[in-house]
There are 2 protein chains.
Amino acid sequence: MCFGVTTMALAHSENEVVTMLKAVGLRVTPQRDAILRHILVYRGHSSADDIYRSIHERWPNISVSTVYNTLKSFSEAGLVKEITFGDGASLFDANTYPHHHMLCVQCGQLTDFYLPEMPDLTSVAKELCFQIDECQLEVRGVCANCQDIMKS
Amino acid sequence: MCFGVTTMALAHSENEVVTMLKAVGLRVTPQRDAILRHILVYRGHSSADDIYRSIHERWPNISVSTVYNTLKSFSEAGLVKEITFGDGASLFDANTYPHHHMLCVQCGQLTDFYLPEMPDLTSVAKELCFQIDECQLEVRGVCANCQDIMKS
DNA sequence: AGCTAGTTGATAATTATTATTAACTAGCTA
DNA sequence: TAGCTAGTTAATAATAATTATCAACTAGCT
């Protein structure tokens with residue numbers, strides 16, 4: 001799945017991408033540049049395969065394993081977030097700001113949403129002696145579009 | 001992963017399992033019986049492979065595809081819930097009562113927890129025109145056990 | 001007891017991801 | 001600015017998880 005807008009492809013300057021990579025101490029290579037730019041442009045969550053195919057079109061030499069390696073580096077560096085919600089392949093999100101997800105069970109579309117505050121889990125955490133690092137709401141349902149389709 | 005207690009193996013009578021299957025209109029077969037009983041006993045989330053191995057020990061004739069087919073039927077019928085949280089294989093949960101999950105990023109242990117009420121998402125749902133069917137909190141962090149290990 | 005649609009087991013195929021490794025190169029250093 | 005080296009890449013193989021196919025079998029109706 002990939003809901004990006006192609007005409008935005010130049011919205012992120014080469015400089016911005018290079019700066020991001022350097023900021024987290026990753027070497028700047030053309031492959032990383034292309035992959036990070038893809039993720040930034042197609043904010044709507046791309047899979048490793050989406051990224052591979054897209055870059056491969058223009059640059060047939062890129063390797064699948066490079067895409068996976070790179071995505072792993074990016075995740076570890078905090079540049080992107082891996083989303084394992086839903087079936088099938090992981091998606092990679094440039095939106096590292098804490099947010100939640102709505103998955104349409106009909107079409108698979110994944111939508112970000114935000115809440116003013118996180119649910120209070122202090123008592124649960126205390127009770128289970130669990131150290132909470134991250135907390136996300138994962139909502140399943142039917143998106144506006146698929147509701148329309150079902151009506152007709 | 002499998003955190004069950006073997007001595008509970010008889011806690012669920014044949015009758016209970018048969019009743020559950022009939023209640024949702026599924027034919028009663030020895031395979032379905034064994035798989036559903038396994039899930040009920042090992043409430044602590046079993047993967048398809050866990051279930052396959054466990055049943056295969058006593059009944060070497062059972063097939064992997066039967067396990068997958070059966071789990072799919074069970075999910076569709078609402079007897080079990082598939083959990084795709086975390087990396088690797090899906091887990092199957094007999095606990096169909098609404099609840100949330102805590103995943104230990106060190107050891108992979110998945111713990112259920114409950115909240116008195118669901119977060120209020122009516123305004124988000126309205127804004128995005130999204131029909132919400134299900135809502136789960138997915139928490140990542142470190143379990144009590146792994147915290148102890150890290151200290152020492 | 002016989003029939004039939006639903007189920008199973010064996011196997012192959014597919015999809016997603018990780019491992020391996022020799023060749024290559026980004027960016028430091030002289 | 002050339003040379004060095006550790007980090008990176010591409011190609012490929014391997015693995016893991018899941019789905020597809022289909023002939024043989026069987027649960028449960030009649």
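How far does a backbone N or O atom of Ser63(B) lie from a phosphate oxygen of DNA strand C? I looked it up: the distance is 3.4 Å.

First, notes on the model. It is predicted, local features need pLDDT of at least 70, side-chain atom pairs count only at pLDDT 80 or more, and totals for chains, interfaces and linings use all residues. Residues are numbered from 1 along each chain as its sequence is written, chains are lettered from A and ligands numbered from 1 in the order written, and side-chain values use heavy atoms, with hydrogens and water left out.

Next, I checked other contacts to the DNA. The side chain of Arg27(A) has an N or O atom 3.5 Å from a base nitrogen.

H4(B) gives the most, four residues. Helices here are DSSP runs of H or I, at least four residues, and strands are runs of E, at least two, numbered from the N terminus.

Last, I turned to Val139(B). Its contacts (heavy atoms within 4.5 Å) include Leu121(A), Phe130(A) and Ile132(A), as well as Phe85(B) and Phe113(B), leaving out residues up to four places away in sequence.

Notes. A polar contact is a pair of N or O atoms within 3.5 Å; within protein, one must be able to donate a hydrogen and the other to accept it, and residues adjacent in sequence count only if both atoms are side-chain atoms.
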